[in-house]
Amino acid sequence: MPRPRAFDEDRVLERAREQFWATGYAGTRMDDIAQATGLGKGSLYGAFGDKGKLFHRVFGDWCTAVVEVAEGRLTGGPDAEALARLSGYVHLMAENTAADTERRGCLLAKGVAELAQHDPTVADRSAETMTALLTLLRTEISAAQRHGDIDSTADPERLAALLLTVVRGIEAVGKAGLAPETVRNIADTALALLPVRGGEERPATGRGPARET
């Protein structure tokens, strides 16, 4: 019978994530993870495998969290509120970026930039995440079209891809140093470009609530 682990796995993974986030995959040694978590390298290898497997676990958990945040904003509700849900999600992402004064960016983007070219696990997991986000956005756009807030003749797949690019791009330009107000204005402009019914005034979207994690 295996012995129960004498450490908090979630806490260890959180500290490992922070280390990878701060120093990147290549810049992180298992010695660094051991120091950050307080576990010996033998315990780390026994529980999570080598550095690559540990990063895959951390990266996968982060991707899951990214989709869960989107699901919390974009899943369900009446069609009449679909445009507001879209607006809330896009503005939430802008606010998260504006609040990232350390310019750490998103672990998803950092992991993809560093590893996706030669790590199939990272490449596949990131693609799955983008597909899930695209589906959530497309569903809400279609709901807004049914209600008449977005032109029904527009292609929801293309509009969803546009918003996804804006959301992920906001994180990149924010990390590069654009002012928080500029980041917020990008979100406003992207939402204003959504096509409405011919000749009608665009419903007010407003900015989203305060930052969430």
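Predicted model: local features only at pLDDT ≥ 70, side-chain atom pairs only at ≥ 80, totals over all residues.
Residues are numbered from 1 along each chain as its sequence is written, and side-chain values use heavy atoms, leaving out hydrogens and water.

**View 1. F20 and Y25, a stacked pair.** Rings of Phe, Tyr and Trp (its six-membered ring) pair if their centres lie within 6.5 Å; planes under 30 degrees apart count as stacked, over 60 as edge-to-face and the rest as tilted. This rule gives 5 aromatic pairs. In F20 and Y25 the centres are 6.1 Å apart and the planes meet at 15°, so this pair is stacked.

**View 2. F20 and F55, an edge-to-face pair.** Here the centres are 5.1 Å apart and the planes stand at 80°, so the pair is edge-to-face. It links distant parts of the chain, with F20 in helix α1 (residues 9–23) and F55 in helix α4 (residues 51–74), 35 residues apart. Helices are DSSP runs (H or I, at least four residues), numbered from the N terminus.

**View 3. Charges over rings.** A charge counts here if NZ of Lys or CZ of Arg is within 6 Å of the ring centre and within 35 degrees of the ring normal. K51 lies over the face of Y25, 4.2 Å from the ring centre. R104 sits over the face of W21, at 3.6 Å.

Note on methods. Helix = DSSP H or I, 4+ residues; strand = E, 2+ residues; numbered from the N terminus.
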